[in-house]
Amino acid sequence: MQVDEVRRWFGSKGFDLHVEQRDMSDELPRLAPSARNAYWVDLVSRRTGDVVARSYGSGPSPTLAIVATEQRWLAEQDGAGAVSGTTYVDKAAE
């Protein structure tokens with residue numbers, strides 16, 4: 001399953017992924033594409049257990065939230081977005 005591969009991939013970078021349903025409507029601009037997403041992914045340090053990046057990725061389902069987190073990392077950290085799309089969820093859905 002792709003989610004397991006993404007989790008292992010982040011694990012090799014020193015992170016665990018914590019996914020939870022979270023209402024972020026008060027923290028995001030009302031018209032932000034991610035404002036309607038229900039699931040959010042935190043990057044957690046495997047070494048310390050601390051949250052390194054809260055709400056790093058999001059999606060309408062836990063699976064899409066995890067894959068969108070990978071797409072964000074690829075685009076922003078590695079400079080190599082894997083697929084086209086307007087949002088990271090669009091990229092994940094592809």
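A contact means heavy atoms within 4.5 Å. With that in hand, I looked at contacts in the protein chain between residues at least 6 apart in sequence, and 41% of them join residues at least 24 apart.

Before going on, I noted that this is a predicted model, where local features need pLDDT of at least 70, side-chain atom pairs count only at pLDDT 80 or more, and totals for chains, interfaces and linings use all residues. Residues are numbered from 1 along each chain as its sequence is written, and side-chain values use heavy atoms, with hydrogens and water left out.

**Layout.** I found three helices and three strands in the protein chain. Helices (H or I, at least four residues) and strands (E, at least two) are DSSP runs, numbered from the N terminus. Starting at that end, the order is α-β-β-β-α-α.

**Surface.** I looked up the accessible surface (Shrake-Rupley method, 1.4 Å probe). For the protein chain it comes to about 5600 Å², and 46% of that belongs to carbon and sulfur atoms. Then I checked burial: buried means under 20% relative accessible area, exposed over 50%, and partly exposed in between (1.4 Å probe, protein chains only). Of the 94 residues, 36% count as buried.

**Aromatic pairs.** Next I wanted rings. Rings of Phe, Tyr and Trp (its six-membered ring) pair if their centres lie within 6.5 Å; planes under 30 degrees apart count as stacked, over 60 as edge-to-face and the rest as tilted. How many aromatic pairs does a search of the whole structure find? It finds four.

I wrote down F10 and W73 as one of them: the ring centres are 5.7 Å apart and the planes are at 85°, so this pair is edge-to-face. F10 sits in helix α1 (residues 2-12) and W73 in helix α2 (residues 62-76), so the pair ties together parts 63 residues apart in sequence.

Are these two buried or exposed? F10 is buried, at 0% relative accessibility, and W73 is buried too, at 12%.

W73 turned up again with Y56: centres 6.2 Å apart, planes at 55°, so I logged the pair as tilted. Y56 is buried, at 9%.

**Around the rings.** Ring pairs link W9, F10, F15, Y56 and W73 into a cluster. I also spotted R72 over the face of Y56, 4.1 Å from the ring centre. The rule for that: NZ of Lys or CZ of Arg within 6 Å of the ring centre and within 35 degrees of the ring normal.
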